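Hi,

Here is the structure I promised to pass on. Have a look at it first, and my notes follow below.

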Amino acid sequence: MDAVDIARIARLERQIAFLYRHLGIDPQLAEQIDVPRDLPPEFSDALRKHNLILAIKIYRQVTGVSLAEAKAAVERMV
């Protein structure tokens with residue numbers, strides 16, 4: 001790796017850290033959470049606004065899991 005690659009990686013890490021803070025996600029917990037990749041942007045918006053009921057509803061619609069499973073998954077994300 002050269003200096004350009006190292007600088008690019010450092011910039012990407014700062015951007016990711018910013019996104020974690022913006023979304024209110026603890027970076028330590030992010031690796032433990034299995035978030036389906038096909039969740040729509042409305043899901044992230046609901047989480048950011050702490051609208052857990054809407055987030056759970058969207059999670060259930062996308063994943064097809066039970067209410068209890070969706071509630072547990074969403075609560076792990078906040």
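**What I found**

His50 is exposed, with a relative accessible area of 60% (buried is under 20% relative accessible area, exposed over 50%, and partly exposed in between, using a 1.4 Å probe and protein chains only). Before I go on, some housekeeping: this is a predicted model, where local features need pLDDT of at least 70 and side-chain atom pairs count only at pLDDT 80 or more, while totals for chains, interfaces and linings use all residues. Residues are numbered from 1 along each chain as its sequence is written, and side-chain values use heavy atoms, with hydrogens and water left out.

Back to His50, which sits in the loop between helix 3 and helix 4. (Helices are DSSP runs of H or I with at least four residues, strands are runs of E with at least two, and both are numbered from the N terminus.) His50 is not a glycine, yet its phi is positive, at about 60°. For background, most residues other than glycine have a negative phi. Asn51 is in the loop between helix 3 and helix 4 too, and counts as partly exposed at 35% relative accessibility.

Another loop residue is Arg37, located between helix 2 (27–30) and helix 3 (41–48). Arg37 counts as exposed because its relative accessibility is 85%. From Arg37 to His50 it is 13 residues along the chain, and their C-alpha atoms are separated by 20 Å.

Now the helix packing. Helix 3 and helix 4 have axes 8 Å apart and pack at an angle of about 155° (axes are lines fitted to C-alpha atoms, for helices over the stretch in contact, and angles run from 0 to 180 degrees between N-to-C directions). The two helices are therefore roughly antiparallel (under 35 degrees counts as roughly parallel, over 145 as roughly antiparallel, 65 to 115 as roughly perpendicular and the rest as oblique). Their crossing is left-handed (the near helix is turned anticlockwise from the far one by less than a right angle; clockwise would be right-handed). On the helix 3 side, Glu42, Phe43, Ala46 and Leu47 meet Leu52, Leu54, Ala55, Ile58 and Tyr59 of helix 4, where contact means heavy atoms within 4.5 Å. That contact has eight nonpolar residues, no polar and one charged (Ala, Val, Leu, Ile, Met, Phe, Trp, Tyr, Cys and Pro count as nonpolar, Asp, Glu, Lys and Arg as charged, and the others, Gly among them, as polar).

What about helix 4 (residues 52–63) and helix 5 (residues 67–77)? Their axes come within 9 Å and cross at roughly 120°, which makes helix 4 oblique to helix 5. Here the crossing is right-handed. Helix 4 brings Leu52, Ala55, Ile56, Tyr59 and Arg60 to the contact, and helix 5 brings Leu67, Ala70, Lys71, Ala73, Val74 and Met77. These divide into nine nonpolar, no polar and two charged.

Which residues of helix 3 are buried? They are Phe43, Ala46 and Leu47, and they lie on the same side of helix 3 because they cover an arc of only 100° around the axis (the arc is that of the directions from the helix axis to the C-beta atoms). These buried residues pack against helix 4 and helix 5.

In helix 5 the buried residues are Ala70, Ala73, Val74 and Met77. Their arc is only 95° around the axis, so they are on the same side of helix 5. Ala68 and Arg76 are exposed on the other side of helix 5. The buried residues of helix 5 pack against helix 3 and helix 4.

Cheers
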